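Trainee: Before we discuss the packing in this model, could you put the sequence and structure up for both of us?

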Amino acid sequence: MNPPAAASSFLARAGWGDAEILPLAGDASFRRYFRAVAPGRSAILMDAPPPQEDPRPFIAIARWLTERGFAAPEILADDLGEGLVLLQDFGDARMRETVDAARESELRLYAAAVDLLVRLHDYPAAPVRPYNDAEYQREAGLFPEWYCPAVGIEVDGDGYRAAWDAVLKQVDRDDPVTVLRDYHAENIMLIGDSAETLGLLDFQDALAGHRSYDLVSLLQDARRDVPAELEAAMLDRYCRTTGAGEAFRTAYHVLGAQRNAKIIGIFARLWKRDGKRRYPALCPRVWTYLERDLAHPALAPVAAWFAANVPMDKRGDPLKLSGEA
C-alpha cells in the first residue's frame, strides 16, 4: 500500500518532514491509513481521497467529541484539497485484540464501552443530519438490492419496504443523541498509561438518532462473536444505568435487525461491486444476530417477510452460496 503522492509535501508542511511513512490499514471505504514515524514521535496519516471521501465530517465530529471529554484523535494538520489529515496516534492496542487475547478482560471492557455510551447520551446530539425513516429504509434496502441477487433469489421488494414501515414506527424519534454508527471492538482503542481510556475512531458518518443504535453496533458486532449472554448482560447494564424501559429494548431489536440487514447487503456489495472477497465470510455471524432480533415480537412483519422470501438454505456466506467461492 503506497502513500499518496502528496503525502511527503503535506507532512513537511505540517512539521513532520523527517517522518517515515509506513502502511497501516485500509477499510471498507476508500480511506487508507499510514503511520508517520519520526524520532521520538508518531502520528496517523489518513488518506481520504476526494471526491470519494470528504474528511471534514470526521474532523468536525472529532472536535465535538474532544470538547466534551471523549478521546477522539487530535487533528494535527489537514489538507482538505488532497484529502489528507494528520491525526494523533492512539497506538496499536485495540479492544478487539485485547479481549480476544485475554478473555478475562471481556466483561470489564464491554462494560466500559457501554458506560461510555451512557456518558455520550447525556449530551444533545451533535449538529449532524437526522437518522430518519428514509435513511433506515435506504440502508435496509441494501439487503434485497445486493444480497438477494448474489444468492440467486427474487424477492418482494414492495413487501419488504412495507414491513419495515410497520416496524420502524416503534422507534422513538424524540430526544436524539449522537450516533457514531460504527461503534464496535475494532474501532475502540485502549490508550493511556493504564490502557484504560477508550479511544474512538471511525465516526465520520455520525447522525442524530436513537440511543440504542450504537449499543447494537457494540453488542451485535459483525466482526467479532459476542456471546448472547454478554449481549444480554450489557443491554441490562445500559437499561439499569439509564432507566431505559421496554420501549428501548424494542427499539434495540428493531434497529438491530435493520442494521444487520444493512450489513449483510453491504458485505455482499463489497464483494460484487468492489471485489473485496473477504467480507462475505462475515455474513453467517451477522445472520445469527439478525435471526436473534427477528425473534422479537416487534419484528413480526419483517420476520414474516424473511420467512416468505429468504429460504433458510440461502442465509449465509453469499460467496459460497453463489457457487463462485
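**Helix packing, a hairpin and a histidine**

Mentor: In this predicted model, the axes of helix H4 (residues 106–120) and helix H9 (residues 228–242) come within 10 Å and cross at roughly 35°.

Trainee: Which hand does the crossing of H4 and H9 have, left-handed or right-handed?

Mentor: The contact brings residues of H4, including Leu107, Tyr110 and Val114, against residues of H9, including Leu230, Met234 and Tyr238. Its residues divide into nine nonpolar, two polar and three charged. The crossing itself is right-handed.

Trainee: How far apart are the end C-alpha atoms of H4, and what span should its 15 residues have?

Mentor: Among the buried residues of H4 are Tyr110, Val114 and Leu117, which also take part in the contact with H9. At 1.5 Å a residue, the 15 residues of H4 should span 21 Å, and the separation of its end C-alpha atoms agrees with this, being 21 Å.

Trainee: Which residue in the turn between S4 and S5 has a positive phi?

Mentor: Strand S4 (residues 75–79) and strand S5 (residues 84–88) pair in the antiparallel sense over four bridges, and Asp78 has Val85 in S5 as its bridge partner. The two strands form a hairpin with four residues between them, and the residue in the turn with a positive phi, of about 75°, is Gly83.

Trainee: Is His184 buried or exposed?

Mentor: His184 lies in the loop between strand S6 (177–179) and strand S7 (188–191), and, leaving aside residues up to four places away in sequence, touches Ser217, Leu218, Asp221, Arg223 and Arg259. Because its relative accessible area is 4%, which falls under the 20% cut-off, His184 counts as buried.

Notes: Residues are numbered from 1 along each chain as its sequence is written. This is a predicted model: local features need pLDDT of at least 70, side-chain atom pairs count only at pLDDT 80 or more; totals for chains, interfaces and linings use all residues. Side-chain values use heavy atoms; hydrogens and water are left out. Axes are lines fitted to C-alpha atoms, for helices over the stretch in contact, and angles run from 0 to 180 degrees between N-to-C directions. A crossing is left-handed if the near helix is turned anticlockwise from the far one by less than a right angle, and right-handed if clockwise. Contact means heavy atoms within 4.5 Å. Ala, Val, Leu, Ile, Met, Phe, Trp, Tyr, Cys and Pro count as nonpolar, Asp, Glu, Lys and Arg as charged, and the others, Gly among them, as polar. The expected span of a helix is 1.5 Å times one less than its number of residues. Buried means under 20% relative accessible area, exposed over 50%, partly exposed in between (1.4 Å probe, protein chains only). Two strands pair if DSSP finds at least two bridges between them.
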